[in-house]
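Here is a quick tour for anyone who likes to keep a viewer open while reading. Load up the chains and follow along.

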Amino acid sequence: MHGYALIRDIEDISGVVLGPGTLYGALARLEQEGLVEALPAEDRRRPYRITGAGSAALRARLEAIAVVASVGLRRLGAT
Amino acid sequence: MKGVAKLPFLLLNLYPRWWRERYGDEMDVMVQGLVEGGRSPLSLSINLFASSVGVWLRGTGAPATREFWTTRTQRSLLVSALTWFAFLPLSVAFGLSNTQHGFFKGGTRVQMSGASTDALHVQRILFSALILSCFVALVGWQILRGALEGQSVRLRWFHMTNRFAMGGILLLSAALFLGQHNSTSSVAETSGVVGGGLLVISWLSLPALIVFMMREGRLAADRLRAEVTVSFALAGLNVLTTFCVASYLFAISRQPVPLPGADYLLFRSSLGGWNAALVVGFVLVAALSVTGAFTARQSYVRARTL
């Protein structure tokens, strides 16, 4: 997925409107940490792909969020 | 595309070269898509400006080479060092514009208001911070000179500036001595003017000289570490000085009007409304100094890991 598509996708999923500087700042850091990788450019647009390490890190983060969310929802239900 | 719509594209040039080479093209296409999709060019511009500042400060996406991060450490140290040269003229302007006013009938001890006492205490801290900052700057200068002495950096201009400064100090000291001992006033005056002139020349040429020396020379890791420590000390003293200047001006603004006929001692500033500009100047220079010190430290730490 390339930068423009990523911005649109994030907006659709979460409603957060990212600026291009914010997105590329994050992409550069993720790339530096080996969590995403750039593919060859297609017509000046460069697609990015999540790496194995990135998938593992994302999974761990999502599971942590899921635990917090489920505990929160359970406690809300108990009151 | 006209006016404001062009702004985000122009702001892409604010990013460092390493960033533009890697992400410039794809960001350009993306910004084009966002503008055509109806995103406000102004909000895009604000985002790009803030992000470019962040990239400069953090070095995001920069090459992971020791060479790059060492050069970056030196440049950050340079920024931090040069702020000191801006700090002293500001301090001189502050010192010259602030005076004491008093009325004494004699015999009894003069009573100062709480605000005046605070101003006096802050003034003492300020003076100590300035003296200490001169000392720290001298230490930094000696480290730099020592580090570059053995390299192929041409130190001819440095030695000349050093002689100018020493000559200036000697002539000014002579002028003060002659003035106090009632010798020929014209000799004292000439000595003072020439001495002051030499000091100003060395003061003005020193920043350029430091830039030149830092660009030509290469500091070893231990010297870089020492200079990072010096830049942190200078940044801390600059922040302390700025805080003292602001506190002093606040304290003197709260001094009560003396009662007619009573003994009093007041601190006054002749700058009036311009004091706000002076404080803004101090704050900006201190912020630049702190930024330089932090960037230097971050770059030095990164260079060591490569």
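Where is the place of Ser113(B)? Ser113(B) sits in the loop between strand S1 (98-103) and helix H5 (114-149) of chain B; helices here are DSSP runs of H or I with at least four residues, strands are runs of E with at least two, and both are numbered from the N terminus.

## Ground rules

This is a predicted model, where local features need pLDDT of at least 70, side-chain atom pairs count only at pLDDT 80 or more, and totals for chains, interfaces and linings use all residues. Residues are numbered from 1 along each chain as its sequence is written, chains are lettered from A and ligands numbered from 1 in the order in which they are written, and side-chain values use heavy atoms, with hydrogens and water left out.

Ser113(B) has 19% relative accessibility, so it counts as buried (buried is under 20% relative accessible area, exposed is over 50%, and partly exposed is in between, with a 1.4 Å probe and protein chains only). Leaving out residues up to four places away in sequence, Ser113(B) touches Gln255(B) and Pro256(B), where contact means heavy atoms within 4.5 Å.

## Where A meets B

Chain A puts 23 residues into the contact, and chain B puts in 23 residues. Together the two chains bury about 1,900 Å², with 53% of it on carbon and sulfur atoms; buried area is the accessible area (1.4 Å probe) that two parts lose on being put together, summed over both. Pro20(A), Tyr24(A) and Arg44(A) supply 37% of what chain A buries against chain B, more than any other three residues.

As for polar pairing, there are 12 residue pairs in polar contact between chain A and chain B, both residues at pLDDT 80 or more. A polar contact is a pair of N or O atoms within 3.5 Å; within protein, one must be able to donate a hydrogen and the other to accept it, and residues adjacent in sequence count only if both atoms are side-chain atoms. On the side of chain A that touches chain B, the elements giving two or more residues are helix H1 (3-14) and helix H2 (20-32) of chain A. H2(A) provides the largest share of that side, with 10 residues.

## Salt bridges

Side chains of opposite charge can pair when their charged atoms come close. A salt bridge here is a side-chain nitrogen of Lys or Arg within 4 Å of a carboxyl oxygen of Asp or Glu. The structure holds nine salt bridges over all chains, and the count between chain A and chain B is four.

Glu26(B) and Arg22(B) both lie in helix H2 (residues 17-36) of chain B, four residues apart, about one turn of the helix. Glu26(B) is buried, at 5% relative accessibility, while Arg22(B) is partly exposed at 24%.

Elsewhere, Arg223(B) forms a salt bridge with Asp222(B), with the closest N and O atoms 3.9 Å apart. Shared partners join Glu31(A), Arg46(A), Arg22(B) and Glu26(B) into one salt-bridge network.

Within chain A, Arg49(A) and Glu37(A) form a salt bridge whose closest N and O atoms are 2.8 Å apart. This pair links distant parts of the chain, 12 residues apart: Arg49(A) is in strand S2 (residues 48-50) of chain A and Glu37(A) in strand S1 (residues 36-38) of chain A. Arg49(A) is partly exposed, at 45% relative accessible area, and Glu37(A) is partly exposed too, at 31%.

## A helix residue in chain A

Ala53(A) has its place in helix H3 (residues 52-78) of chain A. At 46% relative accessibility, Ala53(A) counts as partly exposed. Setting aside neighbours within four places in sequence, Ala53(A) is in contact with Gly34(A) and Leu35(A).
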